[in-house]
Amino acid sequence: MEFGCNLTSYVDDGQINENQDLIAKAEEGLCADVLLLLLSPSSSPTRWVRERWEPVLFDRAKQGQVEVVTILLGECSFPPLLRRRNFIDATSNWLTARRLLKRWFTVRERKSGAAPSLEFSGDLEDLYSTLSDRPGMLHVTGAAASRFAIEAEEEFEAVLWVPCHGRSLAQASGELGYQLGLTLDTPVKENCRRIRELLAMRRCLVVLDAPVAEIAPELTAGGRTSTAVTRDPVKILETPETPAYARRLVAERRFPEAYELLYRLLDAVVEPDNCARELTWICEHWDRPNEANVLRVNYRPAGAEQLVLF
């Protein structure tokens, strides 16, 4: 739970001692933000005295703004009132119950006020076990990735879908960095390193949609983030091949994408002077003086040479 959610669990502090019962231990736990009750034949009190449990689990919890979550591990007696709020029945499938609890924490952190989704498709079990239960990487069909990204969205801090079909590493990393809110003004390999470092600390799902072979290793973060790589494209993005779009990329400091596009425009002899000027500026930013000088010499504006005086 700590790995999948941004929380700290006090498991040892929650163990019931010999001279305690569940209600006494729950009373101690009211200092936390969330109180998790694990109900089983061994933990459930022999008698539930309403005058004792109701003030603790309802009145004082509400007063202290403590959320009480109840998980039924094994059939036992307990007040039916506990079923009305934040109740998870784990008697038939403990794995699904754990995933539902994780969704509950994620939804709570987003402060949406909504209840977590109860949908778990059995045919997506491989994706759940590889990508959701732990960080991992999996090659899947585009259809499966699309369904999983929607269905399991609540189990991640964010789902980042990166269209890669027909796109370069600079374009794919630029798109992912843009979704993460990063400024990617360094060369593409350095940008990829920064993306991986950030994602390694976050519990995200990254979907690389039909990438070429070089892209997946560069954008698979490891750490806490999971990565799904689709075998077939779901979303296809077309990059505008125009100077206006190149200038927009420069303005957004997405330099590797702009660098590639500007050279393609140069090869096509589209606004060569303007493209060369933008490329020169990027090369100077990247500390590439030789390349910048070559661009200046080869694409010097007409009339820039000084006339020889006699």
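**Close-up views of a predicted model**

**View 1. The salt bridge between Arg247 and Glu271.** In this predicted model, Arg247 and Glu271 form a salt bridge in which the closest N and O atoms are 3.5 Å apart. Arg247 belongs to helix α9 and Glu271 to the loop between α10 and α11 (272–285), so the pair ties together parts that are 24 residues apart in sequence. Arg247 is partly exposed at a relative accessible area of 40%, and Glu271 is likewise partly exposed, at 36%.

**View 2. The salt bridge between Glu157 and Arg224.** The side chains of Glu157 and Arg224 meet at an N to O distance of 3.9 Å, a pair that falls within the 4 Å limit for a salt bridge. Because Glu157 sits in the loop between α5 (142–151) and β5 (158–163) while Arg224 sits in the loop between α8 and β7 (226–230), the pair ties together parts that are 67 residues apart in sequence. Glu157 counts as partly exposed, with 29% relative accessibility, whereas Arg224 counts as buried, at 14%.

**View 3. A salt-bridge network that includes Arg248 and Glu252.** Between Arg248 and Glu252 there is a salt bridge whose closest N and O atoms are 3.3 Å apart. Through salt bridges that share partners, Arg248, Glu252, Arg254 and Glu257 are joined into one network. Arg248 is partly exposed, with a relative accessible area of 45%, and Glu252 is partly exposed at 30%. Arg253 lies in the loop between α9 (243–251) and α10; this residue has a phi near 60°, a positive value in a residue other than glycine, and counts as partly exposed at 29% relative accessibility.

View 4. Glu175 is part of helix α6 (residues 169–180). Neighbours within four places in sequence aside, Glu175 is in contact with Val162, Pro163, Arg167, Leu237, Arg254 and Glu257.

View 5. Pro256 is found in helix α10 (residues 255–267) and is buried, with a relative accessible area of 6%. Not counting residues up to four places away in sequence, Pro256 touches Ala170, Leu184, Thr186, Pro187, Val188, Asn191 and Trp286. The C-alpha atoms of Pro256 and Lys189 are separated by 9.5 Å, although these residues are 67 residues apart along the chain.

**View 6. The largest pocket and its lining.** The largest pocket has a volume of about 1400 Å³ and is lined by 43 residues, of which Ser9, Tyr10, Val11, Val34 and Leu36 lie nearest its centre. Two or more lining residues come from each of α1 (22–28), β1 (34–39) and α3 (94–110), and α3 gives the most, with nine residues. By class, the lining divides into 22 nonpolar, nine polar and 12 charged residues.

**View 7. The second largest pocket and its lining.** The second largest pocket has a volume of about 460 Å³, and among the 21 residues that line it, Asn86, Phe87, Trp104, Ala115 and Pro116 are the closest to its centre. At least two lining residues are supplied by each of β3 (87–89) and α3, with α3 giving the most, six residues. This lining has 10 nonpolar, six polar and five charged residues.

Technical notes: Residues are numbered from 1 along each chain as its sequence is written. This is a predicted model: local features need pLDDT of at least 70, side-chain atom pairs count only at pLDDT 80 or more; totals for chains, interfaces and linings use all residues. Side-chain values use heavy atoms; hydrogens and water are left out. Helices (H or I, at least four residues) and strands (E, at least two) are DSSP runs, numbered from the N terminus. Contact means heavy atoms within 4.5 Å. On a 1 Å grid over the protein atoms alone, a cavity is a set of points where a 1.4 Å probe fits but cannot get out, and a pocket is an open set with protein on both sides within 12 Å along at least five of seven lines; lining residues have an atom within 4 Å of a point. Grid points are joined across faces, edges and corners, and a volume is the space filled by probe spheres set on the points. Ala, Val, Leu, Ile, Met, Phe, Trp, Tyr, Cys and Pro count as nonpolar, Asp, Glu, Lys and Arg as charged, and the others, Gly among them, as polar. Buried means under 20% relative accessible area, exposed over 50%, partly exposed in between (1.4 Å probe, protein chains only).
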